[in-house]
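Please keep the structure in view while reading.

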Amino acid sequence: MKNKLLNKTSLFALLLFLICTRASGEGEPYKNTSLSFEERTNDLVSRMTLEEKIMMLRYGSPEIARLEIPAYNFWNECLHGVARSNATVFPQAIGMAAMWDTDEMFQIADAISDEARAKYHEFSARGKRGMYQGLTYWTPNINIFRDPRWGRGMETYGEDPYLTAELAIPFIKGLQGNDPKYYKVIATAKHFAVHSGPEATRHAADVWPDDYDLAETYTPHFKRAVQEGKVYSVMCAYQSVRGAPCCGSKFLENLLRREWGFEGFIVSDCGAVRDIYQEEGHHIVGTPEEASALAVKSGTDLECGSTCLYLGKAVEKGLITEDELDVSVKRVIMARMKLGQFDPDAMVPYSKIPYSVVNCKKHQDLALEAARKSIVLLKNEKQLLPLSKKVKKVAVIGPNADDLEVLLGNYNGYPANPKTPLAGIREKLPDAEVIFAQGCTLADKFPYFSVVPSKCLYTDSTKKVKGLQARYYNNIEWKGKPVHERIDRTVDFTWQTTPPFKDMKYDCFSVSWTGVLVPEVTGEYALGGEGYSGFKFYLNDTLLTEWKSLHHPRKEYELVKLEAGKPYKIRLDYSRIIPNMPRCVCFGIRRNPI
């Protein structure tokens, strides 16, 4: 009896041992969670082919099924909220800088990274691993805003390196979290270095700051982001510094790694490695394989672009060795290890953040508080502000006073309940007469659309029913019978994690809106649309403009002369053609005739 009991006990122990061994992946060290990330990374990279290693160095990395490496896209943005997504939207970076509040910066970043984590696990559970669905965020932009003509200055914290560092450090810490083993998300300090426009020449410019300006203005905040903020990713800039493209500069890499002790990975700005060889770029080498080899050997580990696909040819030509490639591959894999992508969710504390945090009241209240703190009152000589609720009449004048798009800035998310200044004033003063006038148009070179109002749209030329006839299809080609038909009063939609109807396909649908446009004023209009993925706009059965996007929403328009009161037949076809992207589409028009 005793022997039988011992045999059963031994058998149970053996089974338990086998289960534990299987769970820890002892047979394959990279799966063994009891080993260090470094040991697991080294083992995993040693099992990869050259081709597989090269694919790990591109921002959109494919799945390697045999090694159980999931597909992953490194491109994510969270400048002032999780971008290209339904999320809590905080003030633009330049507005947050105006708060002068480091504690608030940490709280904002902590809220953003909570939403980012929740979204990542929601996407992953549904097999979604595309752009804007990951955990590596190309934020913050800590370039120095010296020239107000630089169109991206609003992404920065201003012109002062000290203030920039003081704000960047808590923001980075709030994003990356405080767990001793795992990052909540990985932040990226960009664009390194000496980058502050102009945009038109950034792909070929070569800047030569003197030693004093480099040390006092352009690098101290990056140094502090590395040493105090412990940022785990840095993005190299487009232009050259002192004769070498930033993404092919050993001088800049030495600053980061040898002098400042940076331990993370460097990612290129999008297309920056291509600039190294292209004639319209820096053109310091003649071929893509030379450019890709130079970038990796200069410390650029990950490319936003596809020039790295020539690394195989670069190895064949002796421009770079596989061992040199391994250095970058290990840095990239290590980052994914530190995010917990190769471990069970139960081991990663951030995996427990519920999706309910997205756009929750706590985060919306924080965004409201930040917006209030960011306001800078320049003059109030007659003490007109704050407005008294006893005010009877208010005039609100300006082209941006009732424009939702202007509220969003760029690299933005899509808030649940946005309010324009005009709407806010009317809400604040419900008993007052609030008059609005556009005052002037915006610059013609950058035409901002207003959504065409329903008062100008009808289902047909009889003008009996306002709005447009909408037909929703469960395919991308408007074929067959629509799964839904309805009247949409305007075309102004953002669809992120759910389609417009629950029974529609998440990744594959199209919509067609038809009807007539009846302008109120005769004139020349900028008429067209905006959207991710793709759309086509027809006027009187003629294709006026179309757009297909891989990365960004874009406005496409044409100038057309329209007569007041005359019905114009219109059709807007929208197709969900790009996988894993947010969907936003609108039918736009300049507010006033040009």
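The notes below go from the whole chain to a sheet and then to the cysteines. The model is predicted. Its protein chain has 594 residues, of which 54% count as buried, and its secondary structure comes to 16 helices and 22 strands. Two disulfides are counted.

**Whole chain**

- Among contacts in the protein chain with a separation of 6 or more, 72% are between residues 24 or more positions apart.
- The chain exposes about 27800 Å², and 54% of that area is supplied by carbon and sulfur atoms.

**A three-stranded sheet**

- Strands β4, β6 and β7 form an open sheet with mixed pairing, in the order β4-β6-β7.
- β4 (206-207) and β7 (244-245) are the edge strands, each pairing on one side only.
- Strand β6 (residues 240-241) runs antiparallel to β7, and two bridges join them.
- Within this pairing, Ser-240 is opposite Pro-245 of β7.

**Disulfide Cys-236 to Cys-247**

- The sulfur atoms of Cys-236 and Cys-247 are 2.1 Å apart, and the two residues form a disulfide.
- The disulfide is right-handed, because the torsion about its S-S bond is about 105°.
- Cys-236 belongs to strand β5 (residues 233-236) and Cys-247 to the loop between β7 and α9 (250-259), so the bond ties together parts eleven residues apart in sequence.
- Cys-236 counts as buried, with a relative accessibility of 3%.
- Cys-247 is also buried, at 1% relative accessibility.

**Disulfide Cys-270 to Cys-304**

- Cys-270 is joined to Cys-304 by a disulfide with an S to S distance of 2.1 Å.
- A torsion of about 85° about the S-S bond of Cys-270 and Cys-304 makes this disulfide right-handed.
- Cys-270 sits in the loop between β8 (265-268) and α10 (272-275), while Cys-304 sits in the loop between α11 (288-297) and α12 (311-316), so the pair links parts 34 residues apart in sequence.
- Cys-304 has 3% relative accessibility and counts as buried.

**Pattern and other cysteines**

- Counting bonded cysteines along the chain, the disulfides follow the pattern 1-2, 3-4.
- Cys-308 is in no disulfide; its nearest cysteine sulfur belongs to Cys-304 and is 10.0 Å away.
- Because its relative accessibility is 5%, Cys-308 counts as buried.
- Cys-440 is partly exposed, at a relative accessible area of 43%.

Terms used
Residues are numbered from 1 along each chain as its sequence is written. This is a predicted model: local features need pLDDT of at least 70, side-chain atom pairs count only at pLDDT 80 or more; totals for chains, interfaces and linings use all residues. Side-chain values use heavy atoms; hydrogens and water are left out. Helices (H or I, at least four residues) and strands (E, at least two) are DSSP runs, numbered from the N terminus. Buried means under 20% relative accessible area, exposed over 50%, partly exposed in between (1.4 Å probe, protein chains only). Contact means heavy atoms within 4.5 Å. Accessible areas come from the Shrake-Rupley method with a 1.4 Å probe; for residues, only the protein chains shown count as cover. Two strands pair if DSSP finds at least two bridges between them. A disulfide is a pair of cysteine sulfur atoms within 2.5 Å.
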